[in-house]
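The exercises below are meant to be worked through with the sequence and the model side by side. Try each task before reading the solution under it.

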Amino acid sequence: MLGARSVYQERELRYRHVIEGGLGAINQLQVKSVDSWRQRRMGEAAAVTDDGLLAAAMARWRRTRAPADAVPLRERLRSLVEHLQYTGAYLVDPQGQLLLGPDGPLKGAMPAAERDALRAALALAQPGVIGLQRDGMFAFPYFGLLAPLFEGAQPLGAVWLVVDARTTLYPLLATWPNGSQTAESLLVERRGEEVVFLSPLRHRDDAPLTLRMPAGGGVDATVALATAGSRGTLYGTDYRGERVLATASAVPGTTWLLISKIDEAEAFTEAQRREWLALALAASLALLLLGGSVVLWRWRAWRRERALKQRLEQHMRWLETAQRAASVGYFVYDAERRVFLMSTMASAIFGLPGEGEMGLRQWIDMLHPDDREEMLRVHGEAMAQRSALRVQYRVRRASDAHERWMEVHAEYGDAQGRERPRMTGTVQDITERRQAEEQLERYRTALEAQVRVDPLTQLANRLALDEHVAFEWERARRAGSPLALLMIDVDRFKAFNDHYGHMAGDRCLQNVGQALLTAMGRAGDVVARYGGEEFAVLLPGASGEQAWLVAERLREAVRGLAVEHARGSGDGIVTISVGVSSIQPAGREATTGVPRSGVDAAHALFRQADAALYRAKQCGRDQSVLYGPECEMVLHDPPDSLL
Ligand SMILES: Nc1nc2c(ncn2[C@@H]2O[C@H](COP(=O)(O)OP(=O)(O)OP(=O)(O)O)[C@@H](O)[C@H]2O)c(=O)[nH]1
């Protein structure tokens, strides 16, 4: 505020200088024009004085007084009036008596001041100036000049030139460059103890040269100052009593002072008005600029916002499309309000209408009863520990109560504590994927089962048997119970094949396998096709004796089939030989040696059962042999018939 004030004052001062300068310049111009006007008149008067023809004509006419001799003189006087714009041009004699005018002879004398001037002009032999006068001879203020004429050194008289000041001089003072209401220039002259106002006054009706005031000060303080010798810019009151600023200059070669003045009120009101205008303009400009920048800033912000909004909308569209394509929805769980804020896709996945909210209770009710407890635990845990959530669970969809599998990936986040505790995540309906996985699992299980099944007899194959042996051995070891194995071989099967053909051989093997399976009663017993025409039976918990009894039962079962075998070992039917072994983990096994590992156990079990089988073959087939030391001899020295 203070700054603005001092700026204003500084500008006002500057403007005051401008006004003062302007006033001074106008004053100088007017002084110059008045001076040149006066110089020109003086020059014209000098030209008349130097006019030898005119002087000669006047001398002749003075001598003859003949009217004809007056003609050239009158012509000359008329030409002065008409061409040089004199109001009057007259011939006077050396005493100042009027002799001749443009229209003819005249009578009377010049006023006293002119006569004085005439004497001086004749004495100096150069034109004389009378200055501004107003007396009874002319009804207007006039400026008089006297151009003396001589015949040799003899004075003849003079030409008195009279100029109407109203038409030639005063207009020079009215040339103001602006349309000011109060500005005016006036001519004043000190005459003795008085100051005479030589030119008309703008604001008074006094005729020029009629208004006078004492030289020490009167109606006009600025005029008083000027006539007292003050120069430069004068501040005071004028003849109206108005405060004015004025400047005064002397007109060269005269006693005239030319004073130019203007009302302070007008000058400075104008200055103030301009200042205010300038300030208002500056303020308006500043406001405009400010407004412009605000508008620009708002416009840019709006454009930025619009671009961001468009990008956001586009990304939202992409997200929606991606969600639809992937059947993924997203949600935000607001722990304080206990609601899930759902995207459109998430709502659709749960079978809820549109985008919206799902209360925690609603979600719990939707959960499959088998998954509910686990899900509440996991969800609560993730919220409490602020950990990530990766779960699959089933829901009964709200819209159709269909059971659907959901996969949820979520993370806890409170955005640096600025928001309420939230969990944000995605939900995907994975029912089809789960179904495909389950189907695949079923195929896999079936395939695995196939791998362990003998395709001909549909019994367990050797791989399955090995796995069972390892598994049962571990169990036997933990329980301290025995584990028995029967190795079964169809007697003279090569001969059966040769006799009945391979197809019949296959059918025979299928029948034998089925008979073995049927004859086995206990759950946990495993009947397997060991390879070729060999079968094996694993009997968990069976001692050697118990296993031998089972072997006998199986042998009888095969015999019971009564499959014809013309080249069999006896009775013309298919028979089997069985080798029986049993081992006891705790060392109470029927056979010698306690295996340390499952592999050792299996090896021992098979080796012993094999030895017993060889023994059975050796002893004539169609019989069951429990492994014993006698079997070892056979292994070391097998008879030819076994090879
Ligand atoms: N049809 C058929 N024959 C098989 C199959 N696997 C093995 N064989 C046959 O079974 C016969 C087994 O013969 P060997 O090992 O000599 O014994 P064997 O003739 O039964 O004589 P012993 O065992 O001493 O009583 C071979 O001729 C094999 O070709 C099969 O899957 N189908």
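**Exercise 1.** Is A562 buried or exposed, and how many other C-beta atoms lie within 10 Å?

*Solution.* Residues are numbered from 1 along each chain as its sequence is written. The model is predicted, and local features are taken only where pLDDT is at least 70, side-chain atom pairs count only at pLDDT 80 or more, while totals for chains, interfaces and linings use all residues. Begin with the cut-offs, where C-beta atoms are placed from the backbone: a residue is buried if 20 or more other C-beta atoms lie within 10 Å of its own, exposed if 12 or fewer, and partly exposed in between. A562 has 11 other C-beta atoms within 10 Å and is therefore exposed. Next, place A562 in the chain: A562 is found in the loop between α16 and β22, where helices (H or I, at least four residues) and strands (E, at least two) are DSSP runs numbered from the N terminus. Finally, look at the backbone of A562, whose phi is positive at about 55° although the residue is not a glycine. Most residues other than glycine have a negative phi.

**Exercise 2.** Find where Q85 lies, and work out its exposure.

*Solution.* Q85 belongs to the loop between α3 (67-84) and β1 (88-92). Because Q85 has 12 other C-beta atoms within 10 Å, Q85 counts as exposed. The phi of Q85 is also positive, near 55°, in a residue other than glycine.

**Exercise 3.** In which order do the strands of the five-stranded open sheet lie, and which helix packs on the sheet?

*Solution.* Two strands pair if DSSP finds at least two bridges between them. With this rule the order is β20-β21-β19-β22-β23, and the pairing is mixed. The edges are β20 (526-531) and β23 (624-626), each of which pairs on one side only. Neighbouring strands of this sheet are turned by 20° against each other on average, direction ignored, with axes fitted as lines to C-alpha atoms, for helices over the stretch in contact, and angles running from 0 to 180 degrees between N-to-C directions. Helix α16 (residues 544-561) packs on the sheet and touches β19, β21 (534-540), β22 and β23, while its direction makes about 160° with that of β22; contact here requires C-beta atoms, placed from the backbone, within 7 Å.

**Exercise 4.** Describe the open sheet of six strands.

*Solution.* The order is β9-β8-β7-β12-β11-β10, with antiparallel pairing. The edge strands, β9 (212-214) and β10 (233-237), each pair on one side only. Within this sheet, four bridges join β7 (residues 184-191) to β8 (residues 194-197), and the partner of E189 in β8 is V196.

**Exercise 5.** Which elements supply at least two residues each to the shell around the ligand?

*Solution.* The ligand is surrounded by 17 residues, the closest being F493, K494, G505, G532 and E533; a residue counts as near if its C-beta atom, placed from the backbone, lies within 6 Å. The elements asked for are β19 (483-490), α14 (493-500) and α15 (502-519).

Note on methods
Two residues are in contact if their C-beta atoms, placed from the backbone, lie within 7 Å.
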